[in-house]
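Please look at the structure shown here and work through the questions that follow, each of which is answered step by step.

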There are 2 protein chains.
Amino acid sequence: MQKAAVEKNNEAIAAQLAPVGRETVQDRVYSELRRALIGGLFEPSQVLTIRGLADALVTSTMPVREALGRLITEKALEALPNRSVRVPPITLDRLDDLLRARILIEGEAIALAAARMGPRQIATIETILAEWDEMRALKHKKDVDREVTLNQSFHFEIYRSCGSAVLIPMIESLWLQSGPCIRVAIYAFSEAGEVDTAQYHRRIVEALATQDAQAARDALVADISRPFTFLRSKLQSAAGKDQT
Amino acid sequence: MQKAAVEKNNEAIAAQLAPVGRETVQDRVYSELRRALIGGLFEPSQVLTIRGLADALVTSTMPVREALGRLITEKALEALPNRSVRVPPITLDRLDDLLRARILIEGEAIALAAARMGPRQIATIETILAEWDEMRALKHKKDVDREVTLNQSFHFEIYRSCGSAVLIPMIESLWLQSGPCIRVAIYAFSEAGEVDTAQYHRRIVEALATQDAQAARDALVADISRPFTFLRSKLQSAAGKDQT
DNA sequence: TCAAAGCAAGTGTGATCACAAATCAAAAAT
DNA sequence: ATTTTTGATTTGTGATCACACTTGCTTTGA
């Protein structure tokens with residue numbers, strides 16, 4: 001068989017078959033734990049055990065321990081001196097620290113993205129917003145999980161356009177760290193005020209559509225600051241009660 | 001024995017004994033690889049194998065594979081689709097990307113530190129600079145390893161004062177990523193121009209001593225930009241030659 | 001002479017085991 | 001009744017093994 005003929009045949013096959021992918025068990029465990037962390041499924045200060053997670057995920061301990069190690073290095077989890085691992089507790093200082101870092105880095109990312117997003121990308125995030133509205137229309141069932149997912153898609157679709165392979169992993173790390181915190185805030189928003197979270201996102205889209213980097217940055221800061229300031233006041237009043 | 005007496009006795013013992021610490025093998029492997037990476041002991045694009053490193057470090061494969069996994073998540077190493085791992089190659093885009101992120105984050109860190117560094121911290125970094133001068137005085141033996149270490153101590157002593165537990169790990173990750181790149185630049189500086197690297201650091205110290213955040217930021221930007229722009233022009237001319 | 005097939009060495013991944021340290025509960029001592 | 005001790009269970013760590021996949025070389029075939 002000639003080389004050319006073989007290659008042509010291979011191409012014909014390749015056109016029909018989708019690549020099967022070779023994700024390792026460790027990768028799946030890691031993704032699953034990330035999802036749980038960002039979604040706030042774990043509470044702050046909660047202790048995680050290797051064997052416990054391995055049982056829950058129906059694997060052996062090996063992939064879990066490596067995934068935990070990775071999450072610890074990106075500060076999504078915390079290694080105690082006892083060698084047990086827990087999700088980091090919330091403190092006022094940490095809250096301020098996280099917010100400042102997110103404003104700094106995500107602000108820069110969206111400013112970069114503002115100059116690079118085309119109509120294609122704008123359309124994508126508008127689709128996400130539309131999906132959001134649709135869900136909000138039938139508000140009887142408050143699907144906060146889905147809300148968290150949509151919020152994540154919206155923001156990262158933007159960040160992906162910033163064109164920085166260095167900033168994006170850092171933003172992911174920041175979301176991983178603030179995930180367990182903001183969950184309780186989103187929960188409270190969802191059932192309490194309902195002060196149109198979407199309006200913040202619309203302002204972001206408008207700014208991006210007009211390529212106004214500064215306006216996009218400001219709108220983003222307003223958006224991500226909200227749950228933090230909410231949590232902050234909540235924590236402060238709780239601390240006040242403890243003292244009395 | 002009463003409780004109080006026991007505790008007093010324990011305190012007396014504790015005063016004499018230093019905590020022994022319980023570092024795991026994995027931690028040592030991780031630290032060692034970090035040191036090698038930041039110091040530029042590995043070349044960009046170099047492939048690393050688990051068993052090879054385990055032999056070199058005289059341990060089994062287990063601690064090494066977990067350390068490698070951690071370094072991959074902080075982008076200090078790169079996982080190829082073949083499942084082998086290498087230190088990321090240098091490209092022009094990546095160089096610019098890294099420099100921008102470092103200016104953004106380290107700039108913010110030093111601006112925060114400027115307001116928080118006391119005479120105690122200033123004295124510490126001045127000591128490091130003095131040590132540097134001392135080394136430079138007997139310049140016959142160009143100890144670039146020591147130079148890299150001193151540079152690292154100088155910067156991180158400053159960053160440590162910024163009081164952000166979130167920013168510092170990010171800066172460490174950035175150094176890990178740019179380590180393999182800047183090594184070649186420092187090497188070239190050390191043997192070529194000798195254009196008083198220390199002068200940049202003096203400007204930083206002066207700005208910090210007067211608590212001038214903006215000046216400190218500017219001086220830092222000048223300092224860390226130097227090796228990057230150097231590398232950039234070098235890479236560009238190399239690419240130009242390839243084309244001809 | 002050159003491409004394809006086959007083989008062998010090397011490599012990452014996951015499972016399992018041994019061991020030491022931590023944790024917790026019950027029993028013993030003060 | 002409170003504290004200490006003891007012992008059983010749980011947990012993280014490191015070593016080793018089995019397996020599948022990759023890689024590079026040799027051999028085979030056209």
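Q: How do the residues of the lining of the second largest pocket divide into nonpolar, polar and charged?
A: In this predicted model, the second largest pocket holds about 680 Å³ of space. Among the 20 residues that line this pocket, the closest to its centre are Gln26(A), Asp27(A), Ile72(B), Ala79(B) and Arg83(B). By class, the residues of the lining divide into ten nonpolar, five polar and five charged.

Q: Which helices each supply at least two residues of the lining of the second largest pocket?
A: The residues closest to the centre of the pocket include Gln26(A) and Ile72(B), and the helices that contribute likewise come from chain A and chain B. Those that each supply at least two lining residues are α2 (25–38) and α4 (61–73) of chain A, together with α4 (61–73) of chain B.

Q: Which residues of chain B lose the most area to chain A?
A: Between the two chains, 30 residues of chain B are in contact with 29 residues of chain A. The area buried there is about 2,600 Å², of which carbon and sulfur atoms give 60%. On the chain B side, 21% of what is buried comes from three residues together, namely Arg83(B), Leu104(B) and Val166(B).

Q: With which residues is Leu208(B) in contact, leaving aside its neighbours within four places in sequence?
A: The largest nonpolar core has 127 residues, and Leu208(B) is one of those with the most contacts inside it. Beyond its neighbours within four places in sequence, Leu208(B) is in contact with Ile110(B), Ala114(B), Met117(B), Ile122(B), Ile125(B), Ile158(B) and Ala216(B).

Terms used. Residues are numbered from 1 along each chain as its sequence is written. Chains are lettered from A and ligands numbered from 1 in the order in which they are written. This is a predicted model: local features need pLDDT of at least 70, side-chain atom pairs count only at pLDDT 80 or more; totals for chains, interfaces and linings use all residues. Side-chain values use heavy atoms; hydrogens and water are left out. On a 1 Å grid over the protein atoms alone, a cavity is a set of points where a 1.4 Å probe fits but cannot get out, and a pocket is an open set with protein on both sides within 12 Å along at least five of seven lines; lining residues have an atom within 4 Å of a point. Grid points are joined across faces, edges and corners, and a volume is the space filled by probe spheres set on the points. Helices (H or I, at least four residues) and strands (E, at least two) are DSSP runs, numbered from the N terminus. Ala, Val, Leu, Ile, Met, Phe, Trp, Tyr, Cys and Pro count as nonpolar, Asp, Glu, Lys and Arg as charged, and the others, Gly among them, as polar. A nonpolar core is a set of buried Ala, Val, Leu, Ile, Met, Phe, Trp, Tyr and Cys residues joined through side-chain atoms within 4.5 Å. Buried means under 20% relative accessible area, exposed over 50%, partly exposed in between (1.4 Å probe, protein chains only). Contact means heavy atoms within 4.5 Å. Buried area is the accessible area (1.4 Å probe) that two parts lose on being put together, summed over both.
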